[in-house]
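Biologist: Could you walk me through this model, slowly and in plain words?

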Amino acid sequence: METVQWMAEYAPVFPANGKEITVLNEPEQFFLTLKDNVSKAKRRIILASLYLGTGEKEQQLVDCIYNAVKRSSSLDKSLNVEILLEHTRGSRGEHNSRTMLLPLIQSFSPAVKVSLYHSPSLRGLLKLLLPERFNETVALTHLKVYLTDDTLIMSGANLSADYFTNRQDRYIEIKNCPQLANFFHGLVSTVQAFSLELQPDNTTKMGENFPVHPTEGFDGGKKFKAEAGRRDEIVTSKLLSCASQATKLFLASGYFNLTRKYRNIILKSPAKCEILTAHPTVNGFYQAKGVAGGIPHAYTLLARDFYEQILEHKQSDNISVQEYVRAKWTFHVKGLWFYPPKEPLPSLTLIGSPNFGHRSVYRDLEAQVAIVTADQELSEALHEEKTRLYNRIQQVSCQTFERPERKIPVWVYCVTRLIKNLL
């Protein structure tokens, strides 16, 4: 395929059997599959997420890991467990991701390794003054990789109860693909190499093989960034740019804030593009207390700005914006479905952690997979996945932003203009 040929110039390409790729559609299905995979793991469990929650379902997952390692030890076999989380988010509160995972380290170290990535941008006075939650806006690891043996689940979901229950995301399982599994194991291990290691007493320290601490020293983190920043790739811009007339693009983002480059490409593209984002009522910060409660309004403002640009470029026939609506659910879907000209099914999808925004490209550590396929059943499954999501929409129009409930508070308007690149 032509798409695969140019992608190979920018990122590694791995062959996979379409019959071994499964689209998971619901949070509960993701949770049960993940637990099952962890329970059956024989060689490795590699998990990367923003954080691990502290509830009953999260404890079930930790118990699955504990029992898998215990079983392996009793059989004198080696089961390698590596878990990568975000330092600030994983350390929030007294009972947090770290305390959830301490029993694993205390019982099975060094077979179990827990790493906490700490952004070098959060340091000095900024680190001292920013309170919990707000310090997470600076930069973080946003990787979502759920790997057991040679089976990989790519998703945008984190490891917490809402993502296992009623927070809609995407999840694709790729089985029996050792090359792909090894690549993502290497990616997680690379980030772990410049992350802090969780110790049995709940302290952290840098690994012996990485000489620079992310928050110590007086160089503003330049040495750390130079050492760590050598290890990354992106192909999204070229994929958007190569969409020809009669191509259909379906792009989803739970937090819609396209970079200027992505925005310009889409506004000038001859392709049909349907963008799916969160209605304020399914935004994860809807009705949150304090400043966080203004975040849904901020994304309304960003959506309004983009919609006005669609009208200015006279692209309303080619580009539409839809909002996902579902009672008592939140929306965290991200990704892209690519339909070639005159084809009723997608031949490509992007799935992973990026939201196509400034944070994804310039601040956070992200990972995604492009699945390119000619397999009829897989294409049908991807089409069904897209259709299920787009069946719960409200079309955005000029009237959308005139409704009283969509009125943007003045303070949100002012703040959003200042911190747009943090959203």
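**Overview**

Modeller: The chain has 15 helices and 18 strands, where helices (H or I, at least four residues) and strands (E, at least two) are DSSP runs, numbered from the N terminus. This is a predicted model, in which local features need pLDDT of at least 70 and side-chain atom pairs count only at pLDDT 80 or more, while totals for chains, interfaces and linings use all residues. Residues are numbered from 1 along each chain as its sequence is written, and side-chain values use heavy atoms, with hydrogens and water left out.

Biologist: What percentage of the residues of the chain count as buried?

Modeller: Of the 423 residues, 54% count as buried; buried means under 20% relative accessible area, exposed means over 50%, and partly exposed is in between, with a 1.4 Å probe and protein chains only.

Biologist: And what about contacts between residues at least 6 apart in sequence?

Modeller: Among those contacts, 78% join residues at least 24 apart, where contact means heavy atoms within 4.5 Å.

Biologist: Let's turn to helix α14, what span should it have?

Modeller: Helix α14 covers residues 376–390, and at 1.5 Å a residue its 15 residues should span 21 Å, which agrees with its end C-alpha atoms being 21 Å apart. The expected span of a helix is 1.5 Å times one less than its number of residues.

Biologist: Which residues of α14 are buried?

Modeller: In α14 the buried residues are Leu378, Ser379, Leu382, Glu385, Lys386, Leu389 and Tyr390. They cover an arc of only 125 degrees around the axis, which puts them on the same side of α14; the arc is that of the directions from the helix axis to the C-beta atoms.

Biologist: What caps the N-terminal end of α14?

Modeller: Asp375 does, with a side-chain oxygen 3.2 Å from the backbone nitrogen of Glu377.

Biologist: Changing topic, how many aromatic pairs are there?

Modeller: The structure holds 17 aromatic pairs. Rings of Phe, Tyr and Trp (its six-membered ring) pair if their centres lie within 6.5 Å, and planes under 30 degrees apart count as stacked, over 60 as edge-to-face and the rest as tilted. One of the pairs is Phe14 with Phe183, which is tilted, at 5.6 Å centre to centre and with 50 degrees between the planes. Phe14 lies in the loop between α1 (2–7) and β1 (21–24) and Phe183 lies in helix α8 (residues 178–193), so this pair ties together parts that are 169 residues apart in sequence.

Biologist: Is Phe183 buried, exposed or partly exposed?

Modeller: Phe183 counts as partly exposed, at 29% relative accessibility, and Phe14 also counts as partly exposed, at 25%. Elsewhere, the rings of Trp337 and Tyr390 have their centres 6.4 Å apart and their planes at 85 degrees, so that pair is edge-to-face. It links distant parts of the chain, with Trp337 in strand β15 (residues 334–339) and Tyr390 in helix α14, 53 residues apart. Trp337 counts as buried at 0% relative accessibility, and Tyr390 counts as buried at 8%.

Biologist: Which residue lies over the face of Phe250?

Modeller: Lys386 does, at 4.1 Å from the ring centre. A charge sits over a ring if NZ of Lys or CZ of Arg is within 6 Å of the ring centre and within 35 degrees of the ring normal.

Biologist: Last one, where is Asn25?

Modeller: Asn25 is in the loop between β1 and α2, and at 17% relative accessibility Asn25 counts as buried. Leaving aside its neighbours within four places in sequence, Asn25 is in contact with Gln168, Tyr171, Glu385 and Arg388.

Definitions and conventions:
Polar contact = N/O pair within 3.5 Å; in protein donor to acceptor, adjacent residues only side chain to side chain.
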